[in-house]
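Let's take a walk through a protein model together. Keep the structure open beside you as you read.

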Amino acid sequence: MALLEVKGIRYVKRGRTILDIDAFSLEEGEVNALIGVNGAGKTSFMQILALLQEPTSGELYFKGELITKKNLFTLRHRMAFVFQQPLLLDMTVRQNIETGLRIRKVPKKYIHQRVNIWLEKLGINHLANGPVRFLSGGEAQRVSIARALALEPEILFLDEPFTGLDSPTRGQLLFDLVKLLHGTKIATLFVTHDYAEIPHLAHRLSVMDQGRIVQTGMPREVYDTPKNQTVVQLLQWLPIDIKNERKLMKCEGGSA
Ligand SMILES: Nc1ncnc2c1ncn2[C@@H]1O[C@H](COP(=O)(O)OP(=O)(O)OP(=O)(O)O)[C@@H](O)[C@H]1O
């Protein structure tokens with residue numbers, strides 16, 4: 001069963017249809033990369049999935065249960081969001097991670113221990129008691145990811161989390177995140193404009209165009225059988241390893 005499922009979502013703003021999505025699902029434990037040109041509707045869609053925005057019409061289901069105003073608040077607490085900008089509070093690193101746990105009413109006695117675990121996992125132990133205002137972009141994004149993962153969400157939304165980071169910082173953070181996510185059952189939807197991240201991180205790829213999901217599938221599948229010209233055009237920027245992987249499979253007698 002899908003963890004999160006969309007049925008016939010429309011999102012209209014100032015008379016304009018921003019999203020018109022027949023069906024979409026996020027499966028348990030999967031990392032799904034959402035791509036599309038600027039303005040395609042990725043952030044709007046993610047905010048609706050994360051229950052931060054209400055669609056104009058349509059239905060969302062969490063583990064088969066219809067999401068309504070009644071269960072919205074509880075279900076939102078089973079999700080976490082990492083924004084493009086870390087959006088940290090002007091306090092210490094530790095306090096930033098603790099705040100979300102307090103809001104979600106995690107018992108006090110567990111908070112310190114849980115924060116320690118995620119400080120360690122994100123490699124930011126040494127920054128714990130310092131103010132966030134002196135952090136570099138990469139460090140701040142690590143805090144933001146630690147804050148989200150410390151909530152132990154069932155679904156994680158990452159909206160271009162590596163934007164603005166230099167290549168080595170981005171590469172290391174990506175490497176660490178892959179290890180963390182693939183070692184958990186957290187379903188993740190991440191928006192990216194850097195297609196080099198896709199083969200490392202994503203089990204599935206979803207392509208968005210003008211407010212619609214035009215194709216979803218394994219990255220190589222989508223690359224091999226693009227549904228339309230938009231997908232073809234976008235995927236010409238896919239990194240060489242996906243293309244090579246396809247050739248490699250052929251050489252090894254694979255079916256690709
Ligand atoms: N509150 C709003 N009111 C009116 N239009 C909006 C609103 N929010 C988003 N839009 C429009 O909806 C479209 C989709 O925006 P969105 O930010 O979701 O796209 P995106 O794919 O995330 O873009 P990018 O890659 O540039 O971040 C854009 O044309 C945007 O101008």
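What you see is a predicted model. The shell around the ligand divides into two nonpolar, six polar and three charged residues. Which residues surround the ligand? They are Lys13, Arg14, Ile18, Gly36, Asn38, Gly39, Ala40, Gly41, Lys42, Thr43 and Ser44. Helix H1, residues 42-49, gives the largest share of this shell, with three residues.

Now turn to the sheet. Four strands build an open sheet, and they are arranged in the order S2-S1-S4-S5 with antiparallel pairing. The edges belong to strand S2 (16-26) and strand S5 (65-66), each of which pairs on one side only. Strand S1 (residues 4-13) and strand S4 (residues 57-62) run antiparallel and are joined by five bridges. To find one of these on your screen, look for Arg10, whose bridge partner in S4 is Ser57.

Finally, look at two helices that meet, H3 (residues 93-103) and H5 (residues 137-150). How do their axes cross? They come within 8 Å of each other and cross at roughly 30 degrees. Angles under 35 degrees count as roughly parallel, so H3 and H5 are roughly parallel to each other. Their crossing is right-handed. The table shows who makes the contact.

| Helix | Residues in the contact |
|---|---|
| H3 | Val93, Asn96, Ile97, Gly100 and Leu101 |
| H5 | Val143, Ala146, Arg147 and Ala150 |

By type, the residues of this contact of H3 with H5 are six nonpolar, two polar and one charged.

Terms used:
Residues numbered from 1 in each chain as written. Predicted model: local features only at pLDDT ≥ 70, side-chain atom pairs only at ≥ 80, totals over all residues. Pairing = 2+ DSSP bridges. Near = placed C-beta within 6 Å. Nonpolar A, V, L, I, M, F, W, Y, C, P; charged D, E, K, R; others polar. Axes fitted to C-alpha atoms, helices over the stretch in contact; angles between N-to-C directions. Parallel < 35°, antiparallel > 145°, perpendicular 65-115°, else oblique. Left-handed = near helix turned anticlockwise from the far one by under 90°. Contact = placed C-beta atoms within 7 Å.
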